[in-house]
Amino acid sequence: MRERLKQLTAVSVLLLVAGGSLVACGDKDGAKADGVGESAGGTLTKANFFDEITAAQAKAATSHVVMSVDVAGQAIKADGDLKVGETPKDTAMAMSMQTGQAGLASIEMRLVDQVFYLNFGPMTSNKFAKVDLTDPSNPIGKQYSEIVGSLDPSQQLKDFEGAVSSFKQKGKTLTLDGVKAKPYVIGIDTSKIPSADQASGAMPKKLTYTMYVGPDNLPRRVLTELPAIPGAGSSKMSINYSKWGEKVSIVEPKASEITDKDFFSQLGSPTPEA
């Protein structure tokens, strides 16, 4: 049962990280650095790339996301809406995912007011299990809360910016989400990411992102291929962003849709086995 929990957590975290890693919110006072976010349609460089992308996403705030992930031969597809605010409390998400796994074919997730709702189909009686991310006594909540906290661009993008080992605009421009999007190939040295777990061997030494960015400095597609990890194989990820700035409706499930059973306690401790 503990192994099953680890699988469920890994899948959900994968979506959070993928969906949130490149989505940004504004500075806490709503301000922006001088000149940042004012060069839409201008030249993006290694020096201004992260600032400009962050500012553009902060202004848009919402997007629709469609993802395709191949993790060691397992195909995962997901789509949903994201709303990233100035703080984790203002951040919301609604996503559905198809895993292709027997007994866990589909998963539905919602993040509203720092509460994570997870519907694992028959495993949760087709209802949502509730995880309060602000409850310090709940190890599951703490685990997810740390991931949701990574949506804070002041840390996420700052970490990536200092780890860029290569940056180049190259490749064919594509029409995505109705705009001409240019591809930027970005190499990341993970040893320079403060939050990267190098010791466990779970993080490859180098990551390469190809990000297609529109003239409004908003990403429309992000492609990533992770090198093979011992025991896990290689992984590929494709994320398509669209409908930037459009109104989204992300609400918590109805009371009748939420299970009153402590689903996670039935699975045991989430602490990885030695």
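How many salt bridges does the rule give? I get three, counting a side-chain nitrogen of Lys or Arg within 4 Å of a carboxyl oxygen of Asp or Glu.

**Ground rules.** I'm working on a predicted model, where local features need pLDDT of at least 70, side-chain atom pairs count only at pLDDT 80 or more, and totals for chains, interfaces and linings use all residues. Residues are numbered from 1 along each chain as its sequence is written, and side-chain values use heavy atoms, with hydrogens and water left out.

**Overview.** I looked up the secondary structure and found four helices and 12 strands. Those are DSSP runs numbered from the N terminus: helices are H or I with at least four residues, strands are E with at least two. Of the 274 residues, 43% are buried. My cut-offs are under 20% relative accessible area for buried, over 50% for exposed, and partly exposed in between, with a 1.4 Å probe and protein chains only. The protein exposes about 13,800 Å², and carbon and sulfur atoms supply 52% of that. The areas are Shrake-Rupley values with a 1.4 Å probe; for residues, only the protein chains shown count as cover. I also checked contacts, meaning heavy atoms within 4.5 Å. Among those between residues at least 6 apart in sequence, 54% join residues at least 24 apart.

**Salt bridges.** I started with E108 and R110, whose side chains meet at 3.1 Å, N to O. E108 is partly exposed at 29% relative accessible area, while R110 is buried at 15%.

Next I went to R220. For D216 and R220, the closest N and O atoms are 2.9 Å apart. Is R220 buried or exposed? R220 is buried, at 5% relative accessibility.

**H64.** I found H64 in strand β1 (residues 62-71), buried at 17% relative accessibility. The H64 side chain makes a polar contact with the D81 side chain at 2.9 Å. For that term I need a pair of N or O atoms within 3.5 Å; within protein, one must be able to donate a hydrogen and the other to accept it, and residues adjacent in sequence count only if both atoms are side-chain atoms. Leaving aside neighbours within four places in sequence, H64 touches D79, G80, D81, N240, Y241, S242 and K243.

**Helix α2.** I checked the span of α2 (residues 49-60): its 12 residues reach 17 Å from first C-alpha to last, close to the expected 16 Å. The expected span is 1.5 Å times one less than the number of residues. Why call α2 largely enclosed by the rest of the structure? Because nine of its 12 residues are buried. Among them I noted F49, F50, E52 and I53. Just after α2, A61 takes a positive phi of about 70°.
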